[in-house]
Structure formats: C-alpha cells, structure tokens
Amino acid sequence: MTFVDPSEFVDLVLAFRHTAFRLEVRDRYNEPSEAEVVRHFLDTGELDDFYMADWVEELGPRIAEGQWMGRVRVVSEPHSDYTRFGLALAEYNTAAGEDIRYLPRHHPVVAGLPDHDFWLIDSTTLLLLRFGEDDILLGADVVTDPAVVVRHCYYRDVARHHAVPWSEYSTRVHLPEGP
C-alpha cells in the first residue's frame with residue numbers, strides 16, 4: 001500500500017481510463033479551497049458558475065467518449081450544511097455527465113457498507129481516502145490487492161443499486177433555501 005498526498009491523489013483519479021467511482025460517507029468535508037464557495041452558498045443559497053467550470057470542461061468530453069464517473073453519497077437527514085452544498089453542486093457534476101446518487105444513512109443497506117470514503121478506479125485500483133480530525137483530506141492509500149479491490153467493487157454495486165439518482169432525490173427531498 002502506498003500513500004499519496006492530495007495533489008497526487010487527484011491525478012490518480014483523473015487518470016481513469018474507463019470508470020471512476022467514489023463512495024462518500026461523511027456529512028462534512030473541510031476542503032480549504034472550497035471554504036469561500038461553501039460560505040457564499042450558505043450565506044446566499046447560490047453557487048458561482050465559474051467554480052465548476054474546469055471540472056465540467058475536463059469531464060464532459062470524457063463522458064461523451066464513453067468513460068463513466070459516478071458517486072454515491074451516504075447522507076444524514078436532515079442534511080448537514082455541507083450536504084446542502086453538495087446537493088447544489090451536483091447539478092454541475094451531473095450536467096457534465098457524472099452519475100451522482102444519494103443513499104439516506106438510515107437505509108438498512110448502509111450498515112453493510114464501509115465507514116470510509118474511497119475512489120475505485122477502473123475496478124482495479126482503490127484509493128482509500130484519509131482525513132484529519134478537522135475533516136481536511138490528507139491524501140489516500142493506494143490499494144491494488146485484488147481481494148480488497150473486489151470487495152470495494154461489491155460495495156460500489158450495492159450502494160449504486162439502492163441509491164437514488166440526484167435528479168430524483170433533489171426533487172423529492174425538501175432542500176432548505178439559503179438565508
């Protein structure tokens with residue numbers, strides 16, 4: 001197992017050739033580069049379009065060529081402030097072609113899922129995300145052990161099967177507006 005810092009970690013995710021999947025199980029992420037955008041969203045209920053422009057530009061053509069990226073977000077209800085932010089941000093991710101789904105934490109299947117975030121790259125490489133006590137991403141452990149990777153492929157499949165696509169989830173839950 002190799003540890004990579006956040007900059008190397010992002011490069012590994014974007015190096016996917018066929019599929020990339022992330023399971024998100026935290027109610028809060030404290031990414032310093034997002035602090036201003038999150039604060040603005042919580043104050044106004046609005047997101048700046050330019051914040052996601054690079055991601056949409058990177059991902060859109062890849063999805064159009066047949067690559068796939070998806071996430072399942074395990075969320076507490078009522079939603080945390082960060083979950084509200086993520087729900088709004090998902091509009092941009094999904095517009096770029098990313099498949100984002102939501103799984104309420106109280107759903108029985110969640111008990112069988114891991115309690116850690118991970119990226120699964122091309123079903124061959126697992127990135128186990130590490131966070132500090134302050135919820136800041138420290139980096140990821142790179143795992144290629146087939147038994148561990150296959151177990152996480154199972155977690156991906158179970159989570160996706162039971163989760164609700166963003167387009168449906170965002171219309172059926174009451175999303176509080178900004179102040």
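**Close-up views of a predicted model**

**View 1. The lining of the largest pocket.** In this predicted model, the lining of the largest pocket is made up of 19 nonpolar, five polar and nine charged residues. The pocket itself has a volume of about 910 Å³. Look for Arg22, Glu31, Glu34, Tyr51 and Arg71, which of the 33 lining residues are the closest to the centre. Two or more lining residues come from each of α1 (6–14), β2 (19–24), α3 (53–64), β3 (68–75) and α4 (81–95). Helix α4 contributes the most to the lining, with seven residues.

**View 2. A buried salt bridge between Asp117 and Arg22.** Here the side chains of Asp117 and Arg22 meet, at 3.0 Å from N to O. The two partners are 95 residues apart: Asp117 sits in the loop between β4 (99–104) and β5 (118–121), and Arg22 belongs to strand β2. Both residues are buried.

View 3. Arg28 is partly exposed, with a relative accessible area of 43%, whereas Asp135 is buried, at 15%. Asp135 also has a positive phi of about 70°.

**View 4. Strand β7 and its two partners.** Strand β7 (residues 137–143) is largely enclosed by the rest of the structure, because six of its seven residues are buried. On one pairing, β1 (residues 2–4) runs antiparallel to β7 over three bridges, and Thr2 stands opposite Val142. On the other, β6 (residues 125–131) is antiparallel to β7 over six bridges, with Leu126 as the bridge partner of Val143. Strands β6 and β7 form a hairpin, with five residues between them.

View 5. The side chains of Glu168 and Arg172 meet at 3.3 Å, N to O. These residues are four apart in helix α6 (residues 166–172), so about one helical turn separates them. Glu168 is partly exposed, with a relative accessible area of 39%. Elsewhere, salt bridges that share partners join Arg22, Glu24, Arg71, Arg73, Glu98 and Asp117 into one network. The structure holds 15 salt bridges.

Methods: Residues numbered from 1 in each chain as written. Predicted model: local features only at pLDDT ≥ 70, side-chain atom pairs only at ≥ 80, totals over all residues. Heavy atoms only, no water. Buried < 20%, exposed > 50% of the residue type's maximum accessible area, 1.4 Å probe, protein only. Pairing = 2+ DSSP bridges. 1 Å grid on protein atoms, 1.4 Å probe; cavity = no way out; pocket = protein on both sides within 12 Å on 5 of 7 lines; lining within 4 Å. Points joined across faces, edges and corners; volume = space filled by probe spheres on them. Nonpolar A, V, L, I, M, F, W, Y, C, P; charged D, E, K, R; others polar. Salt bridge = Lys/Arg side-chain N within 4 Å of Asp/Glu carboxyl O.
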